[in-house]
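Visitor: I have a few minutes for a new structure. Can we go through it together?

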Amino acid sequence: MMDLQRTQSLLLLLVLTLLGLGLVQPSYGQDRMYQRFLRQHVDPQVTGGNDNYCNVMMQRRKMTSVQCKRFNTFIHEDIWNIRGICSTTNILCKNGQMNCHEGVVKVTDCRETGNSKAPNCRYRARTSTRRVVIACEGDPEVPVHFDR
């Protein structure tokens, strides 16, 4: 009888712990948007890229399957540095919401040349260190959208 009560107590503690962890994790929608942000915009292993870098990465990150994404920015920073931008002062996003934040990071901007067709899209690369604006959501806040 003692073993059953002990097992039930441990099970209850486990359930409460898991629920507690769920309260500080991004929601499913936010997590999905965070994963999409990572896929489309984060490449910490590289410090910059050329045209071929953009051609390969845009295809590898699935932004050329149906149509050529016209413009995309890859951030070349550690994800923790990028998440740190979310703790800066809120600023206005292009969509009018106040959940954007700005920071200065190393980037490669990939712009579609205008004369290519999916899935063989062609891009021009431009590397720089510049100010970016990202939208963040959740508790803790995580980046979910590259605003500009």
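Visitor: Tyr53 and Phe74, buried or exposed?
Guide: This is a predicted model, to begin with. In it, Tyr53 is buried. Phe74 is buried too.

Visitor: How far apart are the ring centres of Tyr53 and Phe74, and at what angle are the planes?
Guide: The centres are 5.7 Å apart. The planes stand at 80°. Edge-to-face needs over 60 degrees, so the pair of Tyr53 and Phe74 is edge-to-face.

Visitor: Where do the two sit in the chain?
Guide: Tyr53 is in helix α3 and Phe74 in strand β1. They are 21 residues apart, and the pair links distant parts of the chain.

Visitor: How many aromatic pairs does the structure hold?
Guide: One.

Visitor: On to the sheet. What is the strand order?
Guide: β1-β2-β3-β4. The sheet is open, with antiparallel pairing.

Visitor: Which strands stand at the edges?
Guide: β1, residues 71-75, and β4, residues 141-146. Each has a single partner strand, so one side of each is left without a neighbour in the sheet.

Visitor: What does the twist average from one strand to the next?
Guide: It averages 45°.

Visitor: And which strands does helix α3 touch?
Guide: Helix α3, residues 51-60, packs on the sheet and touches β1, β2 and β3. Its direction makes about 45° with that of β3, which spans 123-138.

Visitor: Back to β1. How many bridges does it have with β2?
Guide: Five, in the antiparallel sense. Strand β2 covers residues 100-112.

Visitor: What stands opposite Asn72?
Guide: Cys110, in β2.

Technical notes:
Residues numbered from 1 in each chain as written. Predicted model: local features only at pLDDT ≥ 70, side-chain atom pairs only at ≥ 80, totals over all residues. Heavy atoms only, no water. Pairing = 2+ DSSP bridges. Helix = DSSP H or I, 4+ residues; strand = E, 2+ residues; numbered from the N terminus. Axes fitted to C-alpha atoms, helices over the stretch in contact; angles between N-to-C directions. Contact = heavy atoms within 4.5 Å. Phe/Tyr/Trp six-rings, centres within 6.5 Å; stacked < 30°, edge-to-face > 60°. Buried < 20%, exposed > 50% of the residue type's maximum accessible area, 1.4 Å probe, protein only.
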